[in-house]
Amino acid sequence: MAIISNEIIQRCQHGDRSAFRVVVQAYQQMVFTLAFRLLCDEEEAKDIVQETLIKVWVNFKSYDPRQSLRTWIYTIAIRLCYDRLKQRMYLAPLPEEEDYFVGYISDDETDKPLENHELLAVIKSLVKNLSPKQRMVFTLTHLEGMSSEEVSQVTGMDASKIKSNLYVARKTIREQLKLLGYE
Amino acid sequence: MNKIDAITRRLASQEPELKDADALCDSIMDHLPPQQEPQRYRLLHVLQAVASMAAILLLVLFVRQTRDITPPREDPDYRQSLERLQPERPQLDPTIPLQETLRQLVRTKSEQITLSQLKKNYTL
């Protein structure tokens with residue numbers, strides 16, 4: 001990911017659209033990956049990219065350059081994803097997605113790149129029994145590789161809530177894997 | 001490493017591919033609305049608007065109060081002021097008989113007053 005210079009940030013804060021294009025190009029993949037993993041839907045993830053970056057542009061004058069731009073964009077994207085997760089109905093994985101998931105977890109050695117639909121099938125089956133909050137904490141910690149402090153910063157949740165949600169999420173997934181004959 | 005960590009480690013190393021990234025970027029750039037002022041400036045604008053509204057409201061109340069010249073009849077202050085405006089009518093002393101009073105009143109020619117006038121001007 002490209003590092004955005006202070007000059008680009010200042011130009012964005014003064015309404016320079018060409019400077020903002022640099023920001024969009026630098027962060028759209030990051031936001032897409034996050035939304036894809038959280039929402040398990042490619043088209044919705046693209047919507048989130050658009051909504052997030054438009055919100056970033058609209059509020060750029062309020063952005064404090066002492067804060068990390070990446071964290072600020074992350075925070076906006078996570079809130080939008082979380083709102084969608086709360087709103088939408090439970091989305092169960094399809095039988096073929098469950099089958100793909102079983103095949104994926106039984107083969108620990110392979111690191112072959114997955115297509116988007118394969119990746120979706122695995123994530124969707126893995127987090128299917130989690131609440132929106134547990135899903136968010138689990139995804140940020142395990143898939144996005146964030147520390148507890150970073151999760152707290154971008155979600156606004158305190159450390160104890162993050163810990164308890166993560167504990168329940170891991171327990172739920174462990175039970176699911178046990179049913180499949182693993183763990 | 002347990003199973004969950006093994007699965008998540010592999011998943012974390014795989015990023016989904018954003019297809020048509022350039023088209024998405026163009027679409028975002030085409031739909032950019034005007035930027036908003038920072039929150040502190042917005043708050044200042046709100047305060048200014050509230051102050052203007054309050055000033056207008058005070059002005060309207062002041063104008064209404066100065067134009068309102070018909071106070072309610074039930075108002076005790078209004079009643080008292082009305083009584084003060086009416087001419088005072090001398091009261092007769094009830095201890096003195098009426099004939100004596102009349103006599104005193106018509107003692108001189110210039111002071112002659114008919115009984116009907118007396119009744120009219122005095123509260124009996």
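A:His142 is found in helix α7 of chain A. The model discussed here is predicted.

Biologist: Is A:His142 buried or exposed?

Modeller: The cut-off for a buried residue is under 20% relative accessible area. A:His142 has 16% relative accessibility, so A:His142 counts as buried.

Biologist: Which side chain does A:His142 join in a polar contact?

Modeller: Leaving aside neighbours within four places in sequence, A:His142 is in contact with residues of chain A, A:Leu166 and A:Arg170, and with B:Asp5, B:Thr8 and B:Ala12 of chain B. The polar contact joins side chains at 3.1 Å, and the partner of A:His142 is A:Arg170.

Biologist: What area is buried between chain A and chain B?

Modeller: The contact draws 50 residues from chain A and 33 residues from chain B. Carbon and sulfur atoms give 55% of the buried area, and that area is about 4000 Å².

Biologist: How many salt bridges are counted between chain A and chain B?

Modeller: Between the two chains, 18 residue pairs are in polar contact, both residues at pLDDT 80 or more. A salt bridge joins the side chains of A:Glu42 and B:Lys19, with an N to O distance of 3.7 Å. That distance passes the salt-bridge cut-off, which is within 4 Å. The count between chain A and chain B is four salt bridges.

Biologist: Which helix gives the most residues to the side of chain A that touches chain B?

Modeller: At least two residues each come from α1 (6-13), α2 (17-39), α3 (42-58), α5 (95-106), α6 (116-126), α7 (132-143) and α9 (159-179) of chain A. The most, eleven residues, come from α2(A).

Biologist: What share of the residues in chain B is buried?

Modeller: The secondary structure of chain B comes to six helices and zero strands, in the order α-α-α-α-α-α from the N terminus. Its accessible surface comes to about 10500 Å², with 56% belonging to carbon and sulfur atoms. Of the 124 residues in chain B, the buried share is 16%.

Biologist: Which residues form the nonpolar patch on the surface of chain B?

Modeller: One member, B:Leu61, lies in helix α3 (residues 39-67) of chain B. B:Leu61 counts as partly exposed because its relative accessibility is 48%. Together the patch residues have about 320 Å² of accessible area, and they are B:Leu57, B:Leu58 and B:Leu61.

Notes:
Residues numbered from 1 in each chain as written. Chains lettered and ligands numbered in written order. Predicted model: local features only at pLDDT ≥ 70, side-chain atom pairs only at ≥ 80, totals over all residues. Heavy atoms only, no water. Patch = residues over 30% accessible without salt bridge, like charges linked within 9 Å, V, L, I, M, F, W, Y side chains within 5 Å. Areas by Shrake-Rupley, 256 points an atom, 1.4 Å probe, with all protein chains shown as cover. Helix = DSSP H or I, 4+ residues; strand = E, 2+ residues; numbered from the N terminus. Buried < 20%, exposed > 50% of the residue type's maximum accessible area, 1.4 Å probe, protein only. Contact = heavy atoms within 4.5 Å. Buried area = accessible area lost by both parts, 1.4 Å probe. Polar contact = N/O pair within 3.5 Å; in protein donor to acceptor, adjacent residues only side chain to side chain.
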